[in-house]
Amino acid sequence: MRVVTQQEFGGPEVLRVIETDRPAPGPTEVLVRVHAAGINPVDWKTRAHEVFMGEPPYTVGWDVSGVVEELGFGATGVDVGDEVLGMPLFPRQAAAYADYVVAPSRHFVRKPKGLSHAEAAGLPLAGLTAWQALVDVANVQPGQRVLVDGAAGGVGHLAVQIAKARGAYVLGTASAPKHEFLRSLGVDEPVDYRDPNATVTGLDVLAATVGEESTSRWLPAVRHGGIVVTVAASQIDAPGVRHRQVLVEPDQIGLTGLVELIGKGQLKVHVEQTFPLEEAGKAHELGEAGRVTGKLVLTVA
Ligand code: NDP
């Protein structure tokens, strides 16, 4: 099978497709034929050694959409032939940029029929991050004012839809050309972060997906007793405001919640562009430039 691997840390050019043996599922694992693999910032951060997940040779990628081909002893919840999606905790290292993966069966759910493999591969990591931030941590309630900073990105475009589905009044930051996109997702109030005069007030929840500088700009808008959930910044200084940081983890309950929203027509995955497996480096270049709307995805089978 083909797998994208890197022999050293570095730029997009270190990603190479090699041939290797197909893995076999161990106990409680499944073998999945990958149809599409989502791309996330952690992939290029790992590739470049900004985040350390293991020594090269290394294969990046956490998001999988595919078809179950084999069940290991004790694997539950899915069957051979099922179309599945997931962000599994891989037994050895992240390995989604490949023809096949093995991973725990409990980290997958069945893919909704109406969702393409490319859309499904864009969902797990970004969707679970948004879910864990807004549902598990912030517990967004109807009528609350929620600002998603970075609303047009992979995490943000899913976060705004989750907040809407929970009945919140949703504000979202993006550059002005993306405001139509934000409205199409249900955002009530797009905010142009490039406008130095843009202001927001009275937030119950700030979901911060951009970074520390941007988070500190919107922080004063959070009301006393409100909450800031950060996924891309760790330090905040705001007396009277709660702060929690999310580090996304595999979560079948969260995936089920996301899939239910898709079934109800309340959540859509926007895929800006797909790339063949051989062009993973090109996809990283585009992603690292920081302007992607929604998700980038590798199409594998
Ligand atoms: P993306 O690469 O998808 O973000 C791109 C988007 O960011 C673009 O649409 C861009 O819109 C927008 N953007 C850039 N600068 C700003 C700004 N100053 N204000 C508002 N929007 C801006 O990133 P992801 O959503 O996939 O990830 C976001 C961050 O979260 C990353 O740092 C990632 O590593 C982190 N992350 C952390 C996780 C965790 O578990 N803690 C899990 C997942 C992600 P425009 O073109 O309009 O600028």
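Domain bounds are taken from an automatic or database domain assignment. For the protein chain, this assignment gives domain 1 (2-123 + 269-299) and domain 2 (125-245). The model is predicted, with local features requiring pLDDT of at least 70 and side-chain atom pairs counted only at pLDDT 80 or more, while totals for chains, interfaces and linings use all residues. Residues are numbered from 1 along each chain as its sequence is written, and side-chain values use heavy atoms, with hydrogens and water left out.

The centres of domain 1 and domain 2, taken over C-alpha atoms, are separated by 27 Å. Contact (heavy atoms within 4.5 Å) involves 14 residues of domain 1 and 13 residues of domain 2. Between them the domains bury about 1000 Å², 58% of it on carbon and sulfur atoms; buried area is the accessible area (1.4 Å probe) that two parts lose on being put together, summed over both. In domain 1, the most area is lost to domain 2 by Leu123, Arg291 and Thr293, together 39% of what that side buries. The count of salt bridges between the domains is zero, a salt bridge being a side-chain nitrogen of Lys or Arg within 4 Å of a carboxyl oxygen of Asp or Glu.

Helices (H or I, at least four residues) and strands (E, at least two) are DSSP runs, numbered from the N terminus. H7 is followed by Gly265, whose phi is positive, near 75 degrees.
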